[in-house]
Amino acid sequence: MTSSKNVLANDVEIKGSIKFSHDLIIDGKIEGEVISDGSLTVGENALIKGEVKTRSVIIFGKVEGNITVAERCELKSNAILVGDIAAGTLSIEEGATFMGQSSVGKKADAPKPVLSSRPQP
């Protein structure tokens with residue numbers, strides 16, 4: 001089975017949630033949630049106002065909302081992100097604008113105490 005790439009061109013405007021399962025390239029305007037197990041590419045003409053929850057995302061355009069990705073989040077040089085990021089890995093190119101907080105790395109379970117037979121000083 002070949003992977004399919006879906007494209008929303010720059011003349012597309014959507015108000016509401018979008019759900020997809022493979023790869024999606026958005027170059028238009030979205031106002032609402034974007035949810036997927038696949039990869040999202042936000043084109044340089046794109047504007048997303050809302051939450052993004054995908055496996056991975058590459059941003060060339062503008063996102064106003066929080067991003068949660070299981071794997072990788074990339075902000076390219078002209079990207080603008082106003083919102084928080086939670087990602088496995090994060091890449092921000094020089095020239096990108098990021099206003100928010102980031103939480104990067106795999107979510108760890110509660111830390112396990114280190115047991116030692118030696119007394120601590």
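This is a predicted model: local features need pLDDT of at least 70, side-chain atom pairs count only at pLDDT 80 or more; totals for chains, interfaces and linings use all residues.
Let me begin with a definition: a residue is called buried when its relative accessible area is under 20%, computed with a 1.4 Å probe.

Gly32 lies in the loop that joins strand S5, residues 29–31, to strand S6, residues 34–36. Its relative accessibility is 18%, and therefore Gly32 counts as buried. Which residues does Gly32 contact, once neighbours within four places in sequence are left aside? They are Gly16, Lys49, Gly50 and Glu51.

Six strands form an open sheet in the order S3-S6-S9-S12-S15-S18, and the pairing is parallel. S3 and S18, the latter covering residues 102–104, are the edge strands, each pairing on one side only. From one strand to the next, the twist averages 5°. Within this sheet, S6 pairs with S9, residues 52–54, in the parallel sense over two bridges. Val34 has Val52 in S9 as its bridge partner.

Finally, the core. The largest nonpolar core comprises 24 residues, and Leu40 and Ile48 have the most contacts inside it. Among the elements that give two or more residues to this core are strands S3 (18–20), S7 (39–42), S12 (67–69) and S15 (85–87). Beyond its neighbours within four places in sequence, Leu40 is in contact with residues including Phe20, Leu24, Ile48 and Ile58. The contacts of Leu40 also include Val34 and Val52, the two residues that are bridge partners between S6 and S9.

Conventions
Residues are numbered from 1 along each chain as its sequence is written. Side-chain values use heavy atoms; hydrogens and water are left out. A nonpolar core is a set of buried Ala, Val, Leu, Ile, Met, Phe, Trp, Tyr and Cys residues joined through side-chain atoms within 4.5 Å. Buried means under 20% relative accessible area, exposed over 50%, partly exposed in between (1.4 Å probe, protein chains only). Helices (H or I, at least four residues) and strands (E, at least two) are DSSP runs, numbered from the N terminus. Contact means heavy atoms within 4.5 Å. Two strands pair if DSSP finds at least two bridges between them. Axes are lines fitted to C-alpha atoms, for helices over the stretch in contact, and angles run from 0 to 180 degrees between N-to-C directions.
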